[in-house]
Amino acid sequence: MFAVEQVERVLQTLQAHWLACTLVMIAACLMSTFKKPVRSSEHKARQATSQTTPRPDTSSLFTFLLGFGPALRPANTPPVSEPAEQPPFPPRRSKKKMRYHKTARQPKTKKAIVAPAVTVCALPRTTQPYDAFLVLDLEGTCELGTDFSYPNEIIEFPVRLLQWTDRADDGSASVLEPVAEFRTFVKPTWRPKLSAFCTQLTGITQEQVDTAPRFSEALAQLEAFLVQHALVDPETKTRLKRFCWCSDGPWDIRDFLVKQCFISQLAMPEWIRGDVLDVRSVVAQWRSAQTGRQVQVPPLFAASGIRTPLNISAQLKALDLPAFEGRQHSGIDDTRNIARIVTELARRGIRLMPNTTIYPGRRWRWMGKHGQVLEDAIP
């Protein structure tokens with residue numbers, strides 16, 4: 001009877017131990033599942049400890065139960081030191097009252113106003129391909145009510161020569177100066193008598209044209225003028241320098257000179273052939289660029305006698321130059337004022353280039369054979 005009771009007690013003790021081990025294993029699983037994240041410093045400490053201290057084998061139940069009481073831990077196993085718990089919050093700093101010391105207030109002083117430095121801009125210098133410019137404004141015979149298709153004859157032939165005074169080796173320049181001047185009246189041959197309208201418009205009298213040379217002689221005098229200023233070769237009659245003809249509009253060379261060469265039965269000289277710089281068109285384009293408004297310069301045809309409203313006086317005003325000097329529609333005065341405009345365009349850095357094409361072989365309806373003027377074909 002006594003032996004039976006002892007056996008029952010032993011069984012009850014074993015069951016209690018078994019139940020305790022089972023509960024411990026369940027608690028360990030739960031703890032590994034909800035384990036706290038290790039802080040960075042704590043994690044580094046544990047890594048250092050793991051490298052120096054060999055970790056126990058947790059694969060067996062016996063090894064797992066080593067942490068539960070010193071009675072079950074073997075003698076050769078060193079105790080595991082748990083890291084010190086970190087405080088949940090950093091310690092509070094003692095609040096110190098900030099003391100502000102009063103400083104003596106400095107008197108306000110006015111800042112000195114410094115005027116900005118004024119920079120003087122030099123004149124713009126543009127590469128100019130031409131060496132000289134021949135400005136002309138021809139006057140011709142005319143009748144009241146006629147247009148540019150009329151067979152005009154030249155009665156005044158003025159030319160003003162402009163050359164650079166500051167042209168550099170690379171071709172850049174901005175200062176044009178008048179060098180010389182040529183002028184001659186011309187005697188008409190088809191209709192030698194001037195109309196009252198022509199005399200009133202141009203100021204040229206009948207006596208001036210009666211004593212003047214014919215067009216062929218006037219052309220020879222102009223050629224001698226160009227030879228004198230080293231612009232044309234005296235033997236070959238070719239150009240020695242690059243010069244450009246300039247006029248107010250295209251009518252002077254495109255219309256007057258081509259008509260006169262036909263009436264006088266002369267071939268247009270080589271030194272006068274080529275394109276022409278229409279000064280009026282250049283000023284109109286410059287003014288359009290300055291104002292920001294696109295100004296349409298209407299095309300100019302031989303049969304149209306309507307000029308663009310930008311005459312010489314308007315061009316001078318657009319460039320802020322003094323008013324017209326002399327008598328308007330006088331060939332020599334018009335030429336001098338056009339030369340002022342060309343000089344100002346160069347000073348403003350505008351590249352002076354031909355913009356009007358001249359056709360020496362151009363023909364009108366009134367042109368017959370060998371310089372004959374057909375009276376019935378005159379409009």
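Analyst: Happy to! A charge sits over a ring if NZ of Lys or CZ of Arg is within 6 Å of the ring centre and within 35 degrees of the ring normal. Please keep in mind that this is a predicted model.

User: Over which ring does the charged end of arginine 239 sit?

Analyst: The charged end of arginine 239 is placed 4.2 Å from a ring centre. The cut-off for such a contact is within 6 Å. The ring in question belongs to phenylalanine 243.

User: How are the planes of phenylalanine 243 and tryptophan 245 arranged, stacked or edge-to-face?

Analyst: A search of the whole structure turns up 9 aromatic pairs. In one of them, phenylalanine 243 and tryptophan 245 are 6.3 Å apart, centre to centre, with 80° between the planes. Planes over 60 degrees apart count as edge-to-face, so this pair is edge-to-face.

User: And what about tryptophan 364 and tryptophan 366, stacked or edge-to-face?

Analyst: Both tryptophan 364 and tryptophan 366 are buried, and lysine 259 lies over the face of tryptophan 364, at 5.1 Å from the ring centre. The two tryptophan rings are 6.3 Å apart, centre to centre, with 20° between the planes. Since planes under 30 degrees apart count as stacked, the pair is stacked.

User: How many disulfides are found?

Analyst: A disulfide needs two cysteine sulfur atoms within 2.5 Å. For cysteine 142, the nearest cysteine sulfur is that of cysteine 198, 4.0 Å away, and cysteine 142 is in no disulfide. The search of the whole structure gives a count of 0.

Technical notes: Residues numbered from 1 in each chain as written. Predicted model: local features only at pLDDT ≥ 70, side-chain atom pairs only at ≥ 80, totals over all residues. Heavy atoms only, no water. Phe/Tyr/Trp six-rings, centres within 6.5 Å; stacked < 30°, edge-to-face > 60°. Buried < 20%, exposed > 50% of the residue type's maximum accessible area, 1.4 Å probe, protein only.
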